[in-house]
Amino acid sequence: MSINVIIAGPRGKMGSEAIQMVTNEPNFELVACVDRINNGKTLQDIDGLPDLAVPIFEDINECFEKIQADVFIDLTVPKAAFEHAKQALNHQVRPIIGTSGLTDEQLEVLRQIAKEVKTGCVVAPNFAVGAVLMMQFAKMAAKHFPDVEIIEKHHDQKLDAPSGSAVKTAQLIKETREAKHQGHPKEEETIAGARGAEMDGMHIHSVRLPGLVAHQEVLFGGSGQTLTIKHDSYNRESFMAGIKFAINKVINLDEFVYGLENILE
Ligand code: NAP
């Protein structure tokens, strides 16, 4: 069975990589793209995109009304992704949201709509399988090491900080970590922000530099020992196996799922 896919954000770094992945898969068919410019054009009209007669729509509702699709992939910006995901669910097209930075409230709205319309929806802040395993290992380690700091490093065009993956890691750690305010009780920052963001007494540090893609270290400290769990995505291809897996999985889902780890077997 062929799975018809729509991709939003085709000119973006992730979107263009997703186009390659979808068009290289024999059981996927790229049927349309959603962009905020280039309405009425096709992919082959856009410099740097594949020579394909795939139509581009600026209005997502028009896209869903004219194009029959099974899955909608969003790799844009959080504000657009949230609106796109709602519209996709309302048209019973299963959204896969790779865009990071959706708020807890927005995730809850999507969960509710998915439930009402009985349509699968996958939101994952990180589609790299190695990164998902890193988070699971961090959750395991936190049971034994309640002192933990997260350092996430990304390219300097990233809009949100801390990264969705760092927040997700902290949430998973919270499930096993004994609640603790870390560091010296009288600790003071002589420069604001020196200790990074704080979540439940844990600290999260965000590095933004050109040349980086997506990297994270979770550092645990105990008496006389440290443990570092580290993952690096060196290019955007590293996210595509997870997106491919999610496409095949979401077809058989009728509810909202947050996190790739919840669909990996
Ligand atoms: P990017 O290169 O900046 O691409 C974003 C694209 O979205 C751009 O082409 C942009 O168009 C387009 N866009 C902006 N607003 C839009 C709208 N309203 N409707 C349609 N398209 C719109 O960014 P990227 O590196 O590809 O990343 C995209 C998203 O994926 C980010 O949220 C990033 O954090 C996330 N990400 C997720 C994962 C994961 O595994 N889940 C991995 C890497 C990245 P303009 O150029 O016109 O602004």
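The model is predicted.

Start with the overall layout. The protein is divided into two domains. Domain 1 takes in residues 3–123 and also 237–262. Domain 2 covers 129–234. Now look at the spacing. The C-alpha centres of domain 1 and domain 2 are 29 Å apart.

Next, find where the domains touch. Domain 1 brings 11 residues into contact with 12 residues of domain 2. Together the two domains bury about 910 Å² between them. Carbon and sulfur atoms account for 60% of that area. Which three residues supply more of the area that domain 1 buries than any other three? They are S100, Y258 and E261, and they supply 44% of it.

Across the interface of domain 1 and domain 2, the rule finds 1 salt bridge. It also finds 4 residue pairs in polar contact there. What classes of residue make up the side of domain 1 that touches domain 2? That side has 4 nonpolar, 4 polar and 3 charged residues.

Finally, turn to the empty space inside. Rolling a probe the size of a water molecule over the atoms shows where such space is left. The structure holds 1 cavity of 30 Å³ or more. The largest cavity contains about 70 Å³ of space. It is lined by 13 residues. Closest to its centre are N126, A214, H215, Q216 and H231.

Terms used
Residues numbered from 1 in each chain as written. Predicted model: local features only at pLDDT ≥ 70, side-chain atom pairs only at ≥ 80, totals over all residues. Heavy atoms only, no water. Domains from an automatic or database assignment. Contact = heavy atoms within 4.5 Å. Buried area = accessible area lost by both parts, 1.4 Å probe. Salt bridge = Lys/Arg side-chain N within 4 Å of Asp/Glu carboxyl O. Polar contact = N/O pair within 3.5 Å; in protein donor to acceptor, adjacent residues only side chain to side chain. Nonpolar A, V, L, I, M, F, W, Y, C, P; charged D, E, K, R; others polar. 1 Å grid on protein atoms, 1.4 Å probe; cavity = no way out; pocket = protein on both sides within 12 Å on 5 of 7 lines; lining within 4 Å. Points joined across faces, edges and corners; volume = space filled by probe spheres on them.
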